Amino acid sequence: MIITNLSKQRNEFKEPKVLKAKPHWQGQNLSDTAVKGKDNKMQDTATDSSIFNSLNRGRVAIFIDGLSLFHTALQLGIEIDYVKLLCHLTNGSRLLRAFFYTGVDISNEKQQGFLLWMRRNGYRVVAKDIMQPAENFKKSNLNVEIAVDMITLAPYYDTAVLVSGDGDLAYAVNAVSRMGVRVEVVSLQTTTSESLIDVADCFIDIDSIKAHIQKDSNVGYSYRTPSNSNL
């Protein structure tokens, strides 16, 4: 797994409301080993388990841009196992909440069944109706919702895990960083905005962890649509 450490000044006046003691990661470097990166910045390499286990991440909040993750999975040629993903990103830390942001087509029962499954398996789904522009290309953007949730909840978590490569979220990441929050960005390096990497505390190339989060070929989800759910 490739981790990019970016040094920045922390706001020392902010004490986490959840933890009595300051997390061990504040003011420390993850590693002193430098490797060559595409932006010639200091980078650290470590195994996936050792990097997270060596940190006291405090309480973790996860923010997943569903559309960004969908396109990343297409590029990698994998299907995401969302139970594995949640467990891997949490990695034994105390989870405050895991948000999944996505556009929805209310006429798509398969998608409705998937989102119902997500809600019942550890995710807080934030959905917005898909708009259909004149060129007949359906799209939705939930960057505002992601940014608002990250900033609003910042006093209640110590580490934010942002699964997105959209540079429009760099300002929100920088804002919560100034509040003393550690931010880990997880995305495909080749499609992630440099501005987002620059303001994150570390960057995780999702290509390096795909073996841990992809769905097994012989295992499928059993989604129930709202129409056949008895709850």
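Student: Among contacts between residues at least 6 apart in sequence, what share joins residues at least 24 apart?

Tutor: This is a predicted model, where local features need pLDDT of at least 70, side-chain atom pairs count only at pLDDT 80 or more, and totals for chains, interfaces and linings use all residues. Residues are numbered from 1 along each chain as its sequence is written, and side-chain values use heavy atoms, with hydrogens and water left out. A contact means heavy atoms within 4.5 Å. For contacts between residues at least 6 apart, the share joining residues at least 24 apart is 70%.

Student: How many residues does the largest nonpolar core have?

Tutor: Such a core is a set of buried Ala, Val, Leu, Ile, Met, Phe, Trp, Tyr and Cys residues joined through side-chain atoms within 4.5 Å. Tyr-82, Leu-85 and Tyr-123 have the most contacts inside the largest one. Its size is 29 residues.

Student: Which residues does Leu-85 touch, not counting those up to four places away in sequence?

Tutor: Leu-85 is one of the residues with the most contacts inside the largest core. With close sequence neighbours up to four places away left out, Leu-85 touches Ile-64, Leu-69, Ile-80, Tyr-123 and Ile-213.

Student: Why does Leu-67 count as partly exposed?

Tutor: Buried means under 20% relative accessible area and exposed over 50%, with partly exposed in between (1.4 Å probe, protein chains only). Leu-67 falls in the middle class because its relative accessibility is 39%.
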